[in-house]
Amino acid sequence: MPEPEPAHSTSPLTRRDAGGDTPQSAPAAQLAPSLVAIEVAADSDRTDIAIWGDLDLGTGRHIEPVALTALDHSVRGLDLHLDAVHFCDCAGLGTLLHLRSQALDQNKTVTLRTSSRAIDRILDLTGTRRLFTAPARTARTRRTPRSRTASRTAPTRNCRRR
């Protein structure tokens, strides 16, 4: 009986495989057989990190040291491109949250620039999306003073007890 083919590929997943072009200067590094690939590119004061594949307990252990090193070398923080992550569980989210925590300790930010349906789902289910959004840079707007006749109490909701 012939041997079954392995469930993984020995070649790294590149952005070209995920539907984009891989820059010649920063090839994707294979970290686990066909489960994850990461690309780091410094861009002025922020560093871009693109991840392809799964983001879970096993792959998070490979991604975290690379991402933390990139964070240490960045000036203002990291911009994550996770649109090619097709699976993310709570351990993968934990990796992202730990990365954010380390960034805050260094007065830096971790911002989600692109995301996949898997990333969107876990961020929405856990209410953590706001932790990875860039602070709004709006022009100063003139604030109008609150009217003295305006109610200072919170609006009440119509709730029925059962």
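The buried residues of helix H3 are covered by elements that include E3, E4, H2 and E5, where helices (H or I, at least four residues) and strands (E, at least two) are DSSP runs numbered from the N terminus, and where contact means heavy atoms within 4.5 Å. The structure is a predicted model, in which local features need pLDDT of at least 70 and side-chain atom pairs count only at pLDDT 80 or more, while totals for chains, interfaces and linings use all residues. Residues are numbered from 1 along each chain as its sequence is written, and side-chain values use heavy atoms, with hydrogens and water left out.

**Helix H3**

- The residues of H3 that count as buried are Ala-118, Ile-119, Ile-122 and Leu-123, buried being under 20% relative accessible area, exposed over 50% and partly exposed in between, with a 1.4 Å probe and protein chains only.
- An α-helix has 3.6 residues a turn, so residues three or four places apart point the same way.
- The exposed residues Arg-117, Arg-121 and Leu-125 are carried on the face of H3 that is turned away from its buried side.
- After H3 comes Gly-127, whose phi is positive, near 70°.

**Helix H2**

- Helix H2, residues 90-105, has 16 residues and reaches 22 Å from its first C-alpha to its last, close to the 22 Å expected at 1.5 Å a residue; the expected span is 1.5 Å times one less than the number of residues.
- Gly-92, Leu-93, Thr-95, Leu-96, Leu-99 and Ala-103 are the buried residues in H2.
- Seen down the axis of H2, its buried residues fall within an arc of 155°, so they line one face of the helix.
- On the other side of H2, Cys-90 and Asp-105 are exposed.
- The partners against which the buried residues of H2 pack are strand E3 (46-55), helix H1 (57-73), strand E4 (77-88), strand E5 (109-115) and helix H3 (117-126).
- At the start of H2, a side-chain oxygen of Asp-89 comes to within 3.1 Å of the backbone nitrogen of Ala-91.

- Asn-107 is found in the loop between H2 and E5, and its phi is near 60°, a positive value in a residue other than glycine.
- With a relative accessible area of 74%, Asn-107 is exposed.

**Arg-46 in strand E3**

- Arg-46 lies in strand E3 and is buried, with a relative accessible area of 10%.
- The side chains of Arg-46 and Asp-79 are joined by a polar contact of 2.8 Å, and a polar contact of 3.4 Å joins the side chains of Arg-46 and Thr-111.
- A polar contact is a pair of N or O atoms within 3.5 Å; within protein, one must be able to donate a hydrogen and the other to accept it, and residues adjacent in sequence count only if both atoms are side-chain atoms.
- Leaving aside neighbours within four places in sequence, Arg-46 is in contact with residues that include Arg-76, Gly-77, Leu-78 and Arg-113.

**Val-110 in strand E5**

- Val-110 is found in strand E5, and at 4% relative accessibility it counts as buried.
- Although Val-110 and Phe-132 are 22 residues apart in sequence, they are 6.0 Å apart in space, C-alpha to C-alpha.
- Once neighbours within four places in sequence are left aside, the residues in contact with Val-110 are Leu-78, Leu-80, Leu-99, Arg-100, Ala-103, Leu-131 and Phe-132.

**The protein as a whole**

- The protein has 3 helices and 5 strands, and from the N terminus on its elements run β-β-β-α-β-α-β-α.
- Of the 162 residues in the protein, 30% are buried.
- Among contacts in the protein between residues at least 6 apart in sequence, 61% join residues at least 24 apart.

Definitions and conventions
The arc is that of the directions from the helix axis to the C-beta atoms.
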